Amino acid sequence: MNSKLFLNEIILKRDEIKDFNNYPFNIKCIHNFEKLILDTPVTFIIGENGTGKSTFIEALAITCGLNPEGGTQNFMFSTRESHSDLHEYLKINHFQNKCKTKFFLRAESFYNVATEIEKLGVRGYGDRSLHSCSHGESFIQLIQNRFTENGLYILDEPEAALSPGRQMSLLYMINELVKNGSQFIIATHSPILISYVNGKILNLDDNFNEIKYEDTEIYKTYKMYIDNPYIMQEKLFNDD
């Protein structure tokens, strides 16, 4: 284990689960889950739609004391409760309260977080209202102004609002924060983000097993399409 990380181990309390046939325990990756060791400052969680990425990362954020809709541990608003009860069965080890800050950033409910920030008049998120920026600009503004050294940051598909150029900007900011003691856990479909040289990629399609960048379906699909876009379209459109 890496003792410098804020979060080293995630355990599913399987003996407390009454029925693995009910949601969310019937999701394959959760049904088979026992324990996950985190030993790098940046962990990427990937998988096809429906594999349980958001379900898992949302539960992890709640277990870490964060609002299921996003924000810091001080954001306890609720627009619509839709999270599962998975967090009640997760245990985290080697979590140190010495981290300077924690934040859960999820693309799906970021509007709700920006609204709460504006409603409360919370400072520290830049000199412009997040609602006055484009979706992508507001993401970058929040990260630039709110993410600091020695922080634990849980991100759910941050690339949803970002252009490829902005994703590279995010990659730069992640690296700078890592150099200053921060830890990231990121669910994503982005081939740019998962290429991070100091990160580890865990594949939910294969029960959280580690996978190399070039072996991911994300990388292979993007590369195949970009290398031969017209051939790929011909196959897509003429597949009888």
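An open sheet of six strands runs in the order β5-β6-β7-β3-β8-β9, with mixed pairing. The model is predicted. β5 (101-106) and β9 (209-210) stand at the edges. Each of these two has a single partner strand, so one side of each is left without a neighbour in the sheet. The protein chain as a whole comes to seven helices and nine strands. Of its 240 residues, 49% are buried. Contacts between residues 24 or more positions apart account for 73% of those with a separation of 6 or more.

**Strand β3 in the sheet**

- β3 pairs with β7 (residues 183-187) through four bridges, and the two strands run parallel.
- On this side of the sheet order, Val 42 stands opposite Phe 184 in β7.
- Ile 45 faces Ala 187 in β7 in the same way, standing opposite it.
- Five bridges join β3 to β8, again in parallel.
- Phe 44 stands opposite Ile 201 in β8.
- In general, strands of a sheet pair through backbone hydrogen bonds, either parallel or antiparallel.

**Burial of β3**

- Five of the five residues of β3 are buried, so the strand is largely enclosed by the rest of the structure.
- Both faces of β3 are covered.
- Val 42, Phe 44 and Ile 46 are buried on one side.
- Thr 43 and Ile 45 are buried on the other.

- Ile 211 is found in the loop between β9 and α6.
- Ile 211 counts as buried because its relative accessible area is 18%, under the 20% limit.
- Leaving out residues up to four places away in sequence, Ile 211 touches Ile 46, Ile 201, Asn 203 and Thr 216.
- Of these, Ile 46 belongs to the buried set of β3, and Ile 201 is the residue of β8 that stands opposite Phe 44.

**Salt bridges across the chain**

- The count comes to nine salt bridges.
- Lys 35 and Glu 9 form one of them, with the closest N and O atoms 3.6 Å apart.
- That pair links distant parts of the chain: Lys 35 lies in strand β2 (residues 35-37) and Glu 9 in strand β1 (residues 9-12), 26 residues apart.
- Asp 39 and Lys 200 meet in another salt bridge, at 2.8 Å from N to O.
- Here too distant parts are linked: Asp 39 is in the loop between β2 and β3 (42-46), and Lys 200 is in strand β8 (residues 199-203), 161 residues apart.
- Asp 39 is partly exposed, with a relative accessible area of 34%.
- Lys 200 is buried, with a relative accessible area of 15%.

- Asp 227 and Lys 223 form a salt bridge whose closest N and O atoms are 2.7 Å apart.
- Both lie in helix α6 (residues 217-227), four residues apart, so about one helical turn separates them.
- Asp 227 is partly exposed, at 45% relative accessibility.
- Lys 223 is also partly exposed, with a relative accessible area of 39%.
- Elsewhere, salt bridges that share partners join Asp 39, Lys 200 and Glu 210 into one network.

**Second largest pocket**

- The second largest pocket holds about 300 Å³ of space.
- Its lining has 15 residues.
- Gly 47, Glu 48, His 189, Glu 217 and Ile 218 lie nearest the centre of this pocket.
- Which element gives the most to the lining? α6 does, with five residues.
- By class, the lining has four nonpolar, six polar and five charged residues.

Technical notes
Residues numbered from 1 in each chain as written. Predicted model: local features only at pLDDT ≥ 70, side-chain atom pairs only at ≥ 80, totals over all residues. Heavy atoms only, no water. Salt bridge = Lys/Arg side-chain N within 4 Å of Asp/Glu carboxyl O. Buried < 20%, exposed > 50% of the residue type's maximum accessible area, 1.4 Å probe, protein only. 1 Å grid on protein atoms, 1.4 Å probe; cavity = no way out; pocket = protein on both sides within 12 Å on 5 of 7 lines; lining within 4 Å. Points joined across faces, edges and corners; volume = space filled by probe spheres on them. Nonpolar A, V, L, I, M, F, W, Y, C, P; charged D, E, K, R; others polar. Pairing = 2+ DSSP bridges. Contact = heavy atoms within 4.5 Å.
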